[in-house]
Amino acid sequence: MSDDASTGSDAPSPYTQLGGEAGVRALVDRFYDLMDLEPACAGIRGLHPTTLDGSRDKLFWFLCGWLGGPDLYQQRFGHPRLRARHLPYAIGIAERDQWMACMQQALAECGAEPALAERLHAAFFNTADWMRNKGG
Ligand code: HEM
């Protein structure tokens with residue numbers, strides 16, 4: 001995985017394909033709603049602050065750039081240093097898989113085309129797997 005999920009070709013970016021800012025916002029909101037609601041994701045929900053408003057904004061800003069749209073996260077915080085920023089949280093296979101379950105369902109529910117959903121699933125998985133910082 002490079003710095004973002006775009007291909008560098010002339011094809012529309014995943015950001016555009018998802019519907020731009022409104023589409024990415026809807027994806028992130030669904031993702032965190034699922035994390036909040038699904039008992040199976042209580043493990044990673046417990047790593048997050050009580051209110052998810054700030055987490056929603058940060059993931060939204062980050063994903064806009066990562067999906068090939070405007071670099072809203074970088075403009076605010078500089079380089080994401082994503083792995084370093086996750087080191088305070090113990091992330092293993094269970095946490096990675098809970099995160100992926102929420103994202104996979106959110107992608108499906110937000111109406112992403114199957115080919116796009118499959119491609120993004122692979123890119124998210126690589127990034128989530130790279131975030132692991134503990135055994136198990
Ligand atoms: C592998 C499982 C993951 C877990 C358990 C996890 C958990 C967390 C937690 C607890 C926070 C802090 C939330 C807050 O301060 O409001 C966070 C922040 C963040 N996460 Fe994750 N995360 C995971 C994977 C990912 C992935 C795959 C991405 C991107 C594709 C991502 C992007 C972010 C971003 C952009 C932030 C904000 C960083 C900051 O500025 O502090 N995370 N994550």
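## Basis of the model

The structure is a predicted model, in which local features need pLDDT of at least 70 and side-chain atom pairs count only at pLDDT 80 or more, while totals for chains, interfaces and linings use all residues. Residues are numbered from 1 along each chain as its sequence is written, and side-chain values use heavy atoms, with hydrogens and water left out.

## Helix 7 and helix 8

Helix 7 (residues 93-109) and helix 8 (residues 114-130) pack with their axes 10 Å apart and at an angle of about 160°, where helices are DSSP runs of H or I with at least four residues, numbered from the N terminus, and axes are lines fitted to C-alpha atoms over the stretch in contact, with angles running from 0 to 180 degrees between N-to-C directions. The two helices are therefore roughly antiparallel to each other, a term for angles over 145 degrees.

Contact, meaning heavy atoms within 4.5 Å, is made by residues including Trp99, Met103 and Leu107 of helix 7 and Leu120, Phe124 and Phe125 of helix 8. The residues of this contact divide into nine nonpolar, two polar and two charged, with Ala, Val, Leu, Ile, Met, Phe, Trp, Tyr, Cys and Pro taken as nonpolar, Asp, Glu, Lys and Arg as charged, and the others, Gly among them, as polar.

## Helix 2 and helix 4

The axes of helix 2 and helix 4 cross at roughly 135° and come within 9 Å.

## The largest nonpolar core

The largest nonpolar core holds 37 residues, of which Val24, Phe31, Leu63, Leu67 and Phe124 touch the most other members; such a core is a set of buried Ala, Val, Leu, Ile, Met, Phe, Trp, Tyr and Cys residues joined through side-chain atoms within 4.5 Å, and buried means under 20% relative accessible area, with a 1.4 Å probe and protein chains only. Helix 2 (20-37), helix 4 (53-66), helix 5 (72-77), helix 7 and helix 8 are the elements that give two or more residues to this core.

Phe77 lies in helix 5 and, at 38% relative accessibility, counts as partly exposed, the class between 20% and 50%. Leaving aside residues up to four places away in sequence, Phe77 touches Lys58, Trp61 and Arg85.

Arg81 lies in the loop between helix 5 and helix 6 (82-86), and its phi is near 40°, a positive value in a residue other than glycine.

Notes:
Angles under 35 degrees count as roughly parallel, over 145 as roughly antiparallel, 65 to 115 as roughly perpendicular and the rest as oblique.
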